[in-house]
Amino acid sequence: MLNFLKEFEAKLGITISCSQETEPLGTAGPLALARDKLIDGSGEPFFVLNSDVISEYPFKEMIEFHKAHGGEVSIVVTKVDEPSKYGVVVMEETTGKVDKFVEKLKLFVGNKINAGIYLLNPSVLDRIELRPTSIEKEIFPKIAAEKKLYAIVLPGFWMDIGQPKDYIAGLRLYLDSLRKKSSTKLATGHHIVGNVLVHESAKIGEGCLIGPDVVVGPGCVVEAGVRLSCCTVMRGVRIKKHACISSSIIGWHSTVGQWARVENMTILGEDVHVCDEIYSNGGVILPHKEIKSSILKPEIVM
């Protein structure tokens with residue numbers, strides 16, 4: 001993670017400071033831990049983002065909204081089809097003022113849920129102790145009760161991508177949004193189907209069919225006749241001739257052998273080598289393994 005962030009420091013020309021927990025502190029405790037890094041004396045609000053979410057980020061609109069309502073906290077909410085799986089945010093439609101949070105619904109009270117994107121005044125830190133604390137269950141309800149918490153509805157897509165199947169679904173939503181913005185980033189050609197993102201340093205062989213909903217990372221080599229759909233292929237992967245991969249995540253510097261078939265939410269950790277003609281049906285393979293026999297039903301290979 002730290003090496004990954006260093007790359008972005010150089011790329012964006014910014015400084016990234018890390019605050020590291022030695023014990024899990026929930027969703028609010030880490031803010032108390034990072035207090036010295038967050039308070040700069042300016043009194044300006046700061047963003048807090050859940051990192052296992054993919055969405056469009058309306059930062060500019062949030063800052064304008066936050067300044068206009070004058071409250072202590074602004075959160076982003078998103079509309080979902082099945083609100084019963086989540087906690088629901090009950091709010092005034094016109095002003096965005098949050099009335100209350102309702103955990104795991106039994107009766108329908110709304111379909112807007114917390115999207116994990118917040119803008120907080122520094123004063124919120126005075127409410128958080130350095131101990132395991134939930135910002136959603138312990139801090140926000142108190143601020144809402146004081147009528148100082150407001151919500152703005154997220155335009156565009158949103159997905160919690162904490163689980164592999166949701167990661168693949170989130171990938172599809174992200175690529176769809178690139179398509180709507182008619183992005184030049186998306187790959188084109190007779191071998192591409194639907195929305196596909198291929199890093200400029202990746203090499204694609206003859207006679208491949210790639211897509212829909214595929215990302216091929218930097219330095220990857222996809223040999224001739226390969227079929228890829230609904231999958232992420234991370235940095236430095238080699239996929240050998242005539243392999244077929246669908247609905248799967250291929251981890252960094254892994255290899256998939258010739259005529260291998262990898263499907264049904266198979267996940268390869270870093271540096272995993274799948275031998276030629278192997279079938280994986282939902283295998284979850286931990287790093288630095290060689291797979292010499294087929295995985296016929298979903299299982300974890302340690």
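User: Before we start, what does a predicted model need for local features and side-chain atom pairs?
Analyst: In this predicted model local features need pLDDT of at least 70 and side-chain atom pairs count only at pLDDT 80 or more, while totals for chains, interfaces and linings use all residues. Residues are numbered from 1 along each chain as its sequence is written, and side-chain values use heavy atoms, with hydrogens and water left out.

User: OK, which domains does the assignment give?
Analyst: The domain assignment, whose bounds come from an automatic or database source, gives domain 1 (1–160) and domain 2 (164–300), and their C-alpha centres lie 33 Å apart. Seven residues from domain 1 and eight residues from domain 2 take part in the contact, where contact means heavy atoms within 4.5 Å.

User: And how much area do they bury between them?
Analyst: Domain 1 and domain 2 bury about 560 Å², 71% of it on carbon and sulfur atoms; buried area is the accessible area (1.4 Å probe) that two parts lose on being put together, summed over both. On the domain 1 side, Ile 54, Phe 157 and Met 159 lose the most area to domain 2, together 68% of what that side buries.

User: Switching topic, in what order do the six strands of the open sheet come?
Analyst: The order is 10-13-15-17-20-23, with parallel pairing, and the edge strands, strand 10 (203–204) and strand 23 (290–291), each pair on one side only. Strands here are DSSP runs of E with at least two residues, helices are runs of H or I with at least four, and both are numbered from the N terminus; two strands pair if DSSP finds at least two bridges between them.

User: What joins strand 20 to strand 23?
Analyst: Two bridges join strand 20 (residues 273–274) to strand 23, and Val 274 stands opposite Ile 291 in strand 23.

User: Is Phe 140 buried or exposed?
Analyst: Phe 140 is buried, because its relative accessible area is 0%, and buried means under 20%, exposed over 50% and partly exposed in between (1.4 Å probe, protein chains only).
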